[in-house]
Each structure stands twice: as C-alpha cells, then as structure tokens.
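Trainee: I am new to this one. Please take me through it step by step.

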Amino acid sequence: MSPEYLFLQEKPTLVLLAIWFYGRTYASVITKEINSTFAHTTKVLSRMEEDGLVQFSFEGRIKYVELTEKGTNVVSILKDLIISLDGELPDEYDVEGRHDVSGSELDTASAEIFDIVKKLRFKIESIYKELIDSGADAATIKRKLGPFSRDMAMIGEMINSSETPVDTEVIRAYDTTRDVFSSLLNKNG
C-alpha cells in the first residue's frame, strides 16, 4: 500500500492528528479519540512506524507512541490541507501554535505547575493501563482513578492563585490532562 493511500482515508489522518495533539501517548487513547477499534488503530500505527512517521518507546510495561520529525512534518502539511479544504481544523484539534513546552522556556511558577501536570498525567495513564491490562471492571477503575480528582483540583487552584500569570501552554497541558482523566474515569462506566 502506498503512503498516499494511507492519508486519503479518515482514520489514519485522525491518528496522526491525535498523536500530534496529545504528544506522547498510547494506542488506547488514540483508539478512543478517533472512535476506532484497537486492532485497526494498531494496524495503522504499525504502518506509520514502517513509514517513519511514528516511533514507539517503552517505560516499564507501557508502550508509548509519538511522532517522529517526519511525522510532525506530515501533520503540518495535513493541517494546512484540511484548513485549505474546510477552512479550519476540527474543534478537537484546533490548537493554534501547539508545541511541546520545554520547562526551560517557562517562568518558575509555570515550570513547577507544568512538571506536576506531566507527572500526574503519566501516573493516571500508567495506572489506567495497568488496570485495563489486569481486566479490572469499571467500578475498580473509578475507585482507583477517582482520588486523582483532588490532584486535578489542586493544580487548578495553583493555576488560579499563581502570583504571576501561568503560561498558556501549561494551562492547555492541564486542560488536556483533565480531559484525558475525565475520559478514562468515565470510559467504562
């Protein structure tokens, strides 16, 4: 199958946009985001890995996927194409100037909050993945993830009460983490 054929289909395009939006993530998050089956998503991801668009990495038992430089370039072109055809990106991917934030670009308060957000998202996703892998039911997942709502609220309060304005990208990272948390918490219930 030629690469051109891959991108003339809806799901592969949505897979790339989802990875771009979430940054480093895993297949189950992409599957939910694009409303696909896990088998189809992993098939598309394998093809994209062969084409050098994505790369996989492991942390413990968790397998992450992220865009390569080539994949990032393709997303940029796809976004331009979508905008030229439709006039705008779908709402869920319309994040102007989205880029990964480096802690060194941020003021002290924003960098501290950003670090907390990254660690919390990793922890939530790791626990969720372990629960899914062990076959946990919806009630168990809610019981294990539910307490993180306090952490999300604490971070929201840190953002609201910060003496200096918190960087917009940090707020977006928090909003995305909150949305992922809510989605995972309510996914099986």
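**Helices, hairpin and buried residues**

Trainee: At what angle do α7 and helix α9 (residues 168-186) pack?

Mentor: Their axes (lines fitted to C-alpha atoms, for helices over the stretch in contact) lie 8 Å apart. With angles running from 0 to 180 degrees between N-to-C directions, α7 and α9 pack at about 145°.

Trainee: Which residues of α9 make that contact?

Mentor: Contact means heavy atoms within 4.5 Å. From α7 come Ile141, Lys142 and Leu145. Their partners in α9 are Phe181, Leu184, Leu185 and Asn186.

Trainee: What should I know about the model before going on?

Mentor: This is a predicted model, where local features need pLDDT of at least 70 and side-chain atom pairs count only at pLDDT 80 or more, while totals for chains, interfaces and linings use all residues. Residues are numbered from 1 along each chain as its sequence is written, and side-chain values use heavy atoms, leaving out hydrogens and water.

Trainee: How many helices and strands are there in the protein chain?

Mentor: Both are DSSP runs numbered from the N terminus: helices are H or I with at least four residues, strands E with at least two. The totals are nine helices and two strands.

Trainee: How do α6 and α7 run relative to each other, and why?

Mentor: The axes of α6 (residues 108-133) and α7 (residues 138-145) come within 10 Å and cross at roughly 155°. Angles over 145 degrees count as roughly antiparallel, under 35 as roughly parallel, 65 to 115 as roughly perpendicular and the rest as oblique. Therefore α6 and α7 are roughly antiparallel.

Trainee: Which residues of α7 does α6 meet?

Mentor: On the α6 side we find Ile124, Ile127, Tyr128, Leu131 and Ile132. Facing them in α7 are Thr140, Ile141, Lys144 and Leu145.

Trainee: Is Glu125 buried or exposed?

Mentor: Glu125 is found in helix α6. Beyond its neighbours within four places in sequence, Glu125 contacts Thr25, Tyr26, Val29, Tyr64, Val180 and Leu184. The cut-offs are under 20% relative accessible area for buried, over 50% for exposed and partly exposed in between (1.4 Å probe, protein chains only). Because its relative accessibility is 3%, Glu125 counts as buried.

Trainee: Which residues of α3 are buried?

Mentor: Helix α3 (residues 27-34) is mostly covered, with six of its eight residues buried. The cover includes α2 (10-22), α4 (38-50), β2 and α6. The buried ones are Ala27, Ser28, Val29, Ile30, Thr31 and Ile34.

Trainee: And how are α2 and α4 placed relative to each other?

Mentor: Their axes are 10 Å apart, at an angle of about 80°. Lys11, Pro12, Val15, Leu16 and Ile19 of α2 meet His40, Val44, Leu45 and Met48 of α4. By the angle, α2 and α4 are therefore roughly perpendicular.

Trainee: Which residue in β2 is the bridge partner of Val54?

Mentor: Strands pair if DSSP finds at least two bridges between them. Here, six bridges join the antiparallel strands β1 (residues 54-59) and β2 (residues 62-67). They form a hairpin with two residues between them, and Gly60 in the turn has a positive phi of about 65°. The partner of Val54 is Leu67.
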